[in-house]
Amino acid sequence: MSNPLESFVGYADGVSRSTRNLSSATWAIFDPSGELVSFRGVCIGQSMNNIIEYIALIELLTDAIAHGISRLVIRLDSQLVILQLTGIYFVRNPAIDRMFLRVKILERQFDSIQYQHIPRNLNTLTDSLENYVLDRHLQHF
């Protein structure tokens, strides 16, 4: 059994393929011992990259809440999103601002939440799932 003060770790990522007008949001959650708890992704159609990053984060937070997780460390490869969520940068896009506020509301469901920026090459699990989700979607057309 894990220590109740240990945090789960979540990874979220979004990708846009402008050549196909498709985007996907993916996320993964690991328990404090490193076991995979949830690994999901959705194809969301055409969108801007920063919006997709926020969609992935919202889905991760919603999934974590559904699993009863109260302490979460979130690792993202989007430095812009991290800087916005930690208050270093302001959100200027109205569409992103709505999602930013949604994230802040979801954060209230956690006892502890922390954001960490990671290089893209350390976010390979969600990257792989993104490509799978998009490729799978394209097979149906």
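Helices (H or I, at least four residues) and strands (E, at least two) are DSSP runs, numbered from the N terminus. The model is a predicted one, in which local features need pLDDT of at least 70 and side-chain atom pairs count only at pLDDT 80 or more, while totals for chains, interfaces and linings use all residues. Residues are numbered from 1 along each chain as its sequence is written, and side-chain values use heavy atoms, with hydrogens and water left out.

**Overall fold**

- The protein contains 4 helices and 5 strands, which follow the pattern β-β-β-α-β-α-α-β-α along the sequence.
- Of its 141 residues, 41% count as buried, where buried means under 20% relative accessible area, exposed over 50%, and partly exposed in between (1.4 Å probe, protein chains only).
- Among contacts (heavy atoms within 4.5 Å) with a separation of 6 or more, 69% are between residues 24 or more positions apart.
- The protein exposes about 7,900 Å², and carbon and sulfur atoms supply 51% of this area; accessible areas come from the Shrake-Rupley method with a 1.4 Å probe, and for residues only the protein chains shown count as cover.

**Helix α1**

- Helix α1 has 18 residues and spans 26 Å from its first C-alpha to its last, close to the 26 Å expected at 1.5 Å a residue; the expected span is 1.5 Å times one less than the number of residues.
- The buried residues of α1 include Ile 51, Ile 52, Tyr 54, Leu 57, Leu 61 and Asp 63.
- Gly 68 follows α1 and has a positive phi, near 75°.

**Salt bridges**

- Side chains of opposite charge can pair when their charged atoms come close.
- A search of the whole structure finds 2 salt bridges, each defined as a side-chain nitrogen of Lys or Arg within 4 Å of a carboxyl oxygen of Asp or Glu.
- Arg 40 forms a salt bridge with Asp 63, with the closest N and O atoms 3.9 Å apart.
- Arg 40 lies in strand β3 (residues 36–43) and Asp 63 in helix α1 (residues 49–66), so this pair ties together parts that are 23 residues apart in sequence.
- Arg 40 is partly exposed at 45% relative accessible area, whereas Asp 63 is buried at 6%.
- Lys 104 forms a salt bridge with Glu 107, with the closest N and O atoms 3.3 Å apart.
- Both Lys 104 and Glu 107 lie in helix α3 (residues 94–107), 3 residues apart, about one turn of the helix.
- Lys 104 is partly exposed at 25% relative accessibility, whereas Glu 107 is buried at 14%.
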